[in-house]
Amino acid sequence: MSKPTQFSIESRDGMARSGALATRRGMIETPVFMPVGTAGSVKGIRFEELEGDDLDAKIILGNTYHLWLRPGLETIRECGGLHKFIGWQRPILTDSGGFQVWSLGELRKITEEGTEFRSHVDGSLRFLSPEVSMEVQAALGSDIAMIFDECAPGEADRETARRSMELTLRWAKRSRARFDQLQAEGADSGKLPAGNDLSGAQALFGIVQGATHHDLRRESLARTVEIGFDGYAIGGLSVGEEKPVMWDVLSRLTPEMPEEYPRYLMGVGTPEDLVEGVSLGIDMFDCVLPTRNGRNGQAFTSLGKLNIKNAQWTSDDRPLDDTCECAVCRRHTRAYLRHLYLAGEMLASILLTHHNLAFFLDTLRRVRQAIRSGKFTEFRREFTESINSGVV
Ligand SMILES: [Zn+2]
């Protein structure tokens with residue numbers, strides 16, 4: 001029987017791998033960066049730009065939590081699912097809302113059944129559970145759905161991390177069961193006819209938890225794989241622990257992950273983090289940094305981060321990044337972008353977001369090429385040296 005997704009690895013260089021993930025709405029070359037489309041919009045950029053040659057994003061992320069609260073399921077269902085609603089026919093991955101409600105801190109209550117919280121939109125009391133999350137993601141009709149998980153803080157002690165991991169495993173089983181039911185009931189609004197060796201159904205990824213405890217991570221992985229998913233994500237990293245700790249966890253975990261499934265490191269990271277993650281065998285990333293920091297006046301460049309507010313750019317006629325070929329770098333100077341930012345022009349956010357996304361996506365393009373030509377180690381060294389050179 002054909003599956004919702006097919007993953008094939010074409011080249012390897014050390015632990016780094018480059019391949020292709022076939023989904024019902026198109027092929028995604030990996031390693032891949034997925035821009036985050038929180039509430040049905042990748043903030044500050046039009047879909048035409050996301051699809052254009054500069055960016056050419058093959059997949060974007062949608063947030064279950066935000067879309068469920070506003071505009072709400074009924075509206076999205078009536079508008080024919082998320083792809084149709086937002087006008088984007090390429091693949092979409094939705095998160096489960098687990099991380100968002102967990103991030104609410106004091107404002108939420110986690111029980112065995114699920115998580116109760118107050119909506120940030122209208123203050124109403126809401127309840128999100130594995131079942132509800134699967135129902136929302138089916139109605140959204142994303143191409144890849146995520147299980148509803150619970151995240152432990154980065155510095156969680158063993159007991160807290162174990163409790164959280166066990167809860168996530170029980171929720172993973174409930175997610176799987178409800179997901180399969182919904183597929184059988186035809187609730188998936190993004191369903192396509194079978195073809196190209198794919199079933200046309202939504203895919204479901206599991207999430208490995210266990211904070212920074214290696215044995216818990218290993219156990220979480222084995223028991224998640226036992227339930228069986230189309231891909232495996234690593235959650236609960238980049239949530240307060242030190243960077244070297246994160247790399248240590250990953251370097252021990254990824255060699256034990258099933259080779260033939262995509263590996264997704266959730267919510268990470270900076271351009272250096274992406275390259276580091278790839279070197280440890282990660283295939284998929286998402287992060288709000290390029291868009292959020294763009295709106296805050298920060299540009300990511302091959303020579304490190306650049307704060308557009310700084311007085312040193314007042315009459316600087318260079319582009320944000322000499323080596324970047326994006327439309328913003330082809331046309332505009334640092335001086336002009338600084339002026340726009342200080343004048344409070346919305347174009348500043350738009351242009352910085354465009355460049356940042358171009359930089360992230362191009363970095364992954366170069367990573368894929370380097371892996372294919374067996375030059376990833378060299379690429380990684382040069383990239384890291386350049387970005388840390390401090391000469392921006
Ligand atoms: Zn650029």
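Biologist: Is Thr254 buried or exposed, and what is its relative accessible area?

Modeller: Buried means under 20% relative accessible area, exposed over 50%, and partly exposed in between (1.4 Å probe, protein chains only). Thr254 has a relative accessible area of 1%, so it counts as buried. Before going on: this is a predicted model, numbered from 1 along each chain as its sequence is written, and side-chain values use heavy atoms, without hydrogens or water. Local features need pLDDT of at least 70 and side-chain atom pairs count only at pLDDT 80 or more, while totals for chains, interfaces and linings use all residues.

Biologist: Where is Thr254 placed, and which residues does it touch?

Modeller: Contact means heavy atoms within 4.5 Å. Helices (H or I, at least four residues) and strands (E, at least two) are DSSP runs, numbered from the N terminus. Thr254 sits in the loop between H9 and E13. Not counting residues up to four places away in sequence, Thr254 touches Met15, Ile234, Arg263, Leu280 and Ile282.

Biologist: Which atoms hold the zinc ion?

Modeller: Donors are N, O and S atoms within 2.8 Å of the metal (3.2 Å for Na, K and Ca); water is not among the atoms, so sites may look incomplete. Here the protein donors are Cys324 (SG), Cys326 (SG), Cys329 (SG) and His355 (ND1), at 2.1 to 2.3 Å from the zinc ion. Along the chain they follow the spacing C-x1-C-x2-C-x25-H. Cys324 and Cys329 are buried.

Biologist: What is the geometry of that site?

Modeller: Four donors count as tetrahedral if all angles lie between 85 and 135 degrees. Ideal angles for four tetrahedral donors are 109.5 degrees. The 4 donor atoms of the zinc ion give angles of 99 to 120°, and the site is tetrahedral.

Biologist: How many residues are in the largest nonpolar core, and which of them touch the most other members?

Modeller: A nonpolar core is a set of buried Ala, Val, Leu, Ile, Met, Phe, Trp, Tyr and Cys residues joined through side-chain atoms within 4.5 Å. The largest one has 105 residues, and Phe33, Leu50, Leu93, Tyr264, Met284, Leu320 and Phe376 touch the most other members. Helix H14 (residues 346-372) supplies the largest share of this core, 12 residues. Another core, of 7 residues, lies apart from it and includes Ala152, Leu169, Ala211 and Leu216.

Biologist: Which residues surround Tyr264?

Modeller: Beyond its neighbours within four places in sequence, Tyr264 is in contact with residues including Met34, Leu61, Leu93, Met146, Phe205, Tyr232 and Met284.

Biologist: Where is Trp102 found, and what does it contact?

Modeller: Trp102 belongs to helix H5 (residues 98-103). Its relative accessible area is 15%, so Trp102 is buried. Leaving aside neighbours within four places in sequence, its contacts are Arg108, Ile110, Glu150, Cys151, Ala152, Pro153 and Val239. Trp102 and Ala152 are 50 residues apart in sequence, yet 8.8 Å apart in space, C-alpha to C-alpha.

Biologist: How should I read strand pairing, and which strands form the open sheet of 3 strands?

Modeller: Two strands pair if DSSP finds at least two bridges between them. The open sheet has the order E7-E8-E9, with antiparallel pairing. Strand E7 (108-110) and strand E9 (125-128) stand at the edges, each with a single partner strand, so one side of each has no neighbour in the sheet. Strand E8 (residues 115-118) pairs with E9 over 4 bridges, and Glu116 has Phe127 in E9 as its bridge partner.

Biologist: How many bridges join strand E1 to strand E2?

Modeller: Strand E1 (residues 6-13) and strand E2 (residues 16-23) run antiparallel and are joined by 7 bridges. Ser8 is opposite Ala20 in E2. The two strands form a hairpin with 2 residues between them, and Gly14 in the turn has a positive phi of about 65°.

Biologist: Which backbone angles deserve a second look?

Modeller: Most residues other than glycine have a negative phi, and most peptide bonds are trans. Asp197, however, has a phi near 65°, and Ser238 one of about 60°. At 60% relative accessibility, Asp197 counts as exposed; Ser238, at 39%, is partly exposed. The peptide bond from Arg70 to Pro71 is cis, with omega near 10°, and Pro71 lies in the loop between helix H2 (64-69) and helix H3 (73-78). A cis peptide bond also joins Val268 and Gly269, with omega about 10°.

Note on methods:
Four donors count as tetrahedral if all angles lie between 85 and 135 degrees; four count as square planar and six as octahedral if opposite donors are over 155 degrees apart and all others between 65 and 115; anything else is irregular.
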